[in-house]
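I opened this notebook to keep track of what I looked up, one topic at a time. The entries follow the order in which I went through the model.

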Amino acid sequence: MSYLWIMRHGEAADGSPDSARPLTADGEQQASLMASRLAERCQADGTAVTRIVTSPYLRARQTAAVMGDALGVAVETLSGITPEDSPQAFCDWLVNQPGNLLVVSHMPLVGGLTGLLVDGREDQGRAFPTADIAELEADVWAAGCARLTSFTAP
């Protein structure tokens with residue numbers, strides 16, 4: 001059994017270009033709170049995040065850095081997980097990845113990815129308020145093969 005945590009970045013400031021929008025002070029607090037919660041949860045049940053992948057957008061990288069510090073895991077930037085990217089393309093990449101991953105990205109990708117992995121349909125995904133984390137488990141990361149085990153908000 002493998003685990004996947006899908007997280008939307010913390011609250012971001014308005015601005016342009018979209019890719020350069022930083023976290024607000026509230027967004028930093030959200031990320032810090034969720035990092036503590038996930039670290040405690042992993043310690044309590046013995047699961048571990050083994051890799052963190054993040055969107056190249058600033059707000060996602062900032063959120064992932066907070067998560068990585070709390071979990072003691074290096075952060076990798078992955079270009080194909082921006083707001084406009086395809087959940088199916090990420091799912092195709094994910095199927096060959098080892099370990100338990102935390103992915104930090106954006107709406108609508110995180111919602112579509114959750115729907116695709118759990119229900120087999122991108123349009124069945126749920127809304128992710130900022131800094132929310134969905135935890136999924138599966139034997140194989142393919143459409144409709146995962147189970148949503150928790151959904152945590154700051």
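I began just after helix H4, where glycine 120 takes a positive phi of about 80 degrees; helices (H or I, at least four residues) and strands (E, at least two) are DSSP runs, numbered from the N terminus. The model is predicted, so I kept in mind that local features need pLDDT of at least 70, that side-chain atom pairs count only at pLDDT 80 or more, and that totals for chains, interfaces and linings use all residues. Residues are numbered from 1 along each chain as its sequence is written, and side-chain values use heavy atoms, with hydrogens and water left out.

**Helix H4**

I then asked how many of the 11 residues of H4 are buried, taking buried as under 20% relative accessible area, exposed as over 50% and partly exposed as in between (1.4 Å probe, protein chains only). The count is 9 for this helix, residues 109-119, so H4 is largely enclosed by the rest of the structure. Among the buried residues are Leu109, Val110, Leu113 and Leu117. Looking for what the buried residues pack against, I found strand S1 (2-8), helix H3 (87-94), strand S4 (101-105) and strand S5 (133-138), with contact meaning heavy atoms within 4.5 Å.

**The sheet**

I looked up the strand order next and found an open sheet of 6 strands, S3-S2-S4-S1-S5-S6, with mixed pairing; two strands pair if DSSP finds at least two bridges between them. Strand S3 (75-77) and S6 stand at the edges with a single partner strand each, so one side of each is left without a neighbour in the sheet. S1 and S4 pair in the parallel sense over 5 bridges, and the partner of tryptophan 5 in S4 is leucine 102. H4 packs on the sheet and touches S1, S4, S5 and S6, its direction making about 155 degrees with that of S1; axes here are lines fitted to C-alpha atoms, for helices over the stretch in contact, and angles run from 0 to 180 degrees between N-to-C directions.

**The cores**

For the nonpolar cores, I used sets of buried Ala, Val, Leu, Ile, Met, Phe, Trp, Tyr and Cys residues joined through side-chain atoms within 4.5 Å. Of the 21 residues in the largest core, Leu4, Ile6, Phe90, Leu117 and Trp141 touch the most other members. The elements giving two or more residues to this core are S1, H3, S4, H4 and S5, and the largest share, 5 residues, comes from H4. Apart from this core lies another of 18 residues, among them Met7, Leu38, Ala64 and Met67.

**Aromatic pairs**

My search of the whole structure for aromatic pairs gave 3, where rings of Phe, Tyr and Trp (its six-membered ring) pair if their centres lie within 6.5 Å, planes under 30 degrees apart counting as stacked, over 60 as edge-to-face and the rest as tilted. The rings of phenylalanine 90 and tryptophan 93 have centres 5.2 Å apart and planes at 35 degrees, so this pair is tilted. Phenylalanine 90 counts as buried at 2% relative accessibility, whereas tryptophan 93 is partly exposed at 25%. Phenylalanine 128 and phenylalanine 151 form an edge-to-face pair, 4.9 Å centre to centre with 70 degrees between the planes. Phenylalanine 128 lies in the loop between H4 and S5 and phenylalanine 151 in strand S6 (residues 147-152), so the pair ties together parts 23 residues apart in sequence.
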